[in-house]
Amino acid sequence: MMNTTGRKKMSSRLDPTGGFTDPFGSKKSKCKTAFSQEHSAGGIPVHIGHTGNTMKLVWDCKPEEVDEGRLIVLSAQGLKECAHPSVFLAPAVFESLLQRPGIGERTVVPLLDRIVPPIRESLYEPNCLAKGIQAVRLVSSAAGPHLNKYLPNILQGVARHLSNKVHRETIESLLISLEENGGPEASKIIKAKIPTYTTIHRVSSSKPVGVRPAFT
């Protein structure tokens, strides 16, 4: 008999519950957000493809058959999921959709009022912070200056983690992206919320472009 001690399946590493479920719990009680509820009901046309120990997102339909707006909102809500498979699928679906050509003006900008709140909520949950930061980066890239009016609320969730050395470099990179995509207005908002931030418009001529500390 093969000894499996010390070896874990990919799904168990993603699921902090260790894969154990309450046999008396309802399906709804196991779903943290509408994303997992919809996926469990077959309402999200994706599944996980496995190649050895690598997982990838696989769509079960053609790109033009997807309701982009509905799935972007659902996957933004799903960023707070911590159980397999939604912990992998939600951010993967979100990133896949936001990387589509023309998605910004076509879908993201009109839905910012519904996309930003769940992303902001994920920034307040330690286990979801990395996913939240990546989501903000993707939305900023897609929406550009249209995201600026939401930055004060987003930055509240980001700034509280600046003292965490694990996330500091990632946050620094995010702030630079927000300023690049949002322009001078974004720069003012970031500086107002995070006074120690050094704007990209003040790069010293003695240093190579793009190499600088984001915080003073």
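These legends describe close-up views of one predicted model.

The model is predicted: local features need pLDDT of at least 70, side-chain atom pairs count only at pLDDT 80 or more, and totals for chains, interfaces and linings use all residues. Residues are numbered from 1 along each chain as its sequence is written, and side-chain values use heavy atoms, with hydrogens and water left out.

View 1. Helices (H or I, at least four residues) and strands (E, at least two) are DSSP runs, numbered from the N terminus. Along the sequence the pattern reads α-α-β-β-α-α-α-α-α-α-α. The chain has 216 residues, and 43% of them count as buried. Buried means under 20% relative accessible area, exposed over 50%, and partly exposed in between (1.4 Å probe, protein chains only). Take the contacts with a separation of 6 or more: residues 24 or more positions apart account for 64% of them. Contact means heavy atoms within 4.5 Å.

**View 2. Helix α3 packs on helix α4.** Two packed helices are described by the angle between their axes and the distance between the axes. Here the axes come within 8 Å and cross at roughly 140°. Axes are lines fitted to C-alpha atoms, for helices over the stretch in contact, and angles run from 0 to 180 degrees between N-to-C directions. The two helices are therefore oblique to each other. Angles under 35 degrees count as roughly parallel, over 145 as roughly antiparallel, 65 to 115 as roughly perpendicular and the rest as oblique. The crossing of α3 and α4 is left-handed. That term applies if the near helix is turned anticlockwise from the far one by less than a right angle; clockwise is right-handed. From α3, the contact uses Glu68, Leu71, Ile72, Ser75 and Ala76. From α4 come Ala90, Val93, Phe94, Leu97 and Leu98. By class, the contact of α3 with α4 has eight nonpolar residues, one polar and one charged. Ala, Val, Leu, Ile, Met, Phe, Trp, Tyr, Cys and Pro count as nonpolar, Asp, Glu, Lys and Arg as charged, and the others, Gly among them, as polar.

**View 3. A cis peptide bond sits between His84 and Pro85.** Omega is about 5° at this bond. Most peptide bonds are trans. Pro85 belongs to the loop between α3 and α4.

**View 4. Helix α4 also packs on helix α7.** Their axes come within 10 Å and cross at roughly 15°. The pair is therefore roughly parallel. The crossing of α4 and α7 is left-handed. On the α4 side, Val87, Pro91, Phe94, Glu95 and Leu98 make the contact. On the α7 side, the residues are Lys131, Gln134, Ala135, Leu138 and Val139. The contact of α4 with α7 divides into seven nonpolar, one polar and two charged residues.

**View 5. Helix α7 (residues 129-143) packs on helix α9 (residues 165-193).** The angle is about 15°, and the axes are 9 Å apart. α7 and α9 are therefore roughly parallel to each other. Their crossing is left-handed. Leu129, Ile133, Val136, Arg137, Ser140 and Ser141 come from α7. They meet residues of α9 that include His167, Ile171, Leu174, Ser177 and Asn181. By class, the contact of α7 with α9 has six nonpolar, seven polar and one charged residues. Ser177 of α9 is buried, with a relative accessible area of 14%. Ser177 touches Arg137 and Ser140, not counting residues up to four places away in sequence.

**View 6. Helix α6 (residues 112-122) has six named buried residues: Leu112, Ile115, Val116, Pro118, Ile119 and Ser122.** These buried residues pack against α3 (68-77), α4 (86-98), α5 (103-108), α7 and α8 (151-159).

**View 7. Glu179 and Ala192 both lie in helix α9.** Glu179 is buried, with a relative accessible area of 1%. The side chain of Glu179 makes a polar contact with the side chain of Ser187 (3.0 Å). A polar contact is a pair of N or O atoms within 3.5 Å; within protein, one must be able to donate a hydrogen and the other to accept it, and residues adjacent in sequence count only if both atoms are side-chain atoms. Glu179 and Asn148 are 31 residues apart in sequence and 9.3 Å apart in space, C-alpha to C-alpha. Ala192 counts as exposed, at 61% relative accessibility. Ala192 and Pro152 are 40 residues apart along the chain, with 8.8 Å between their C-alpha atoms.
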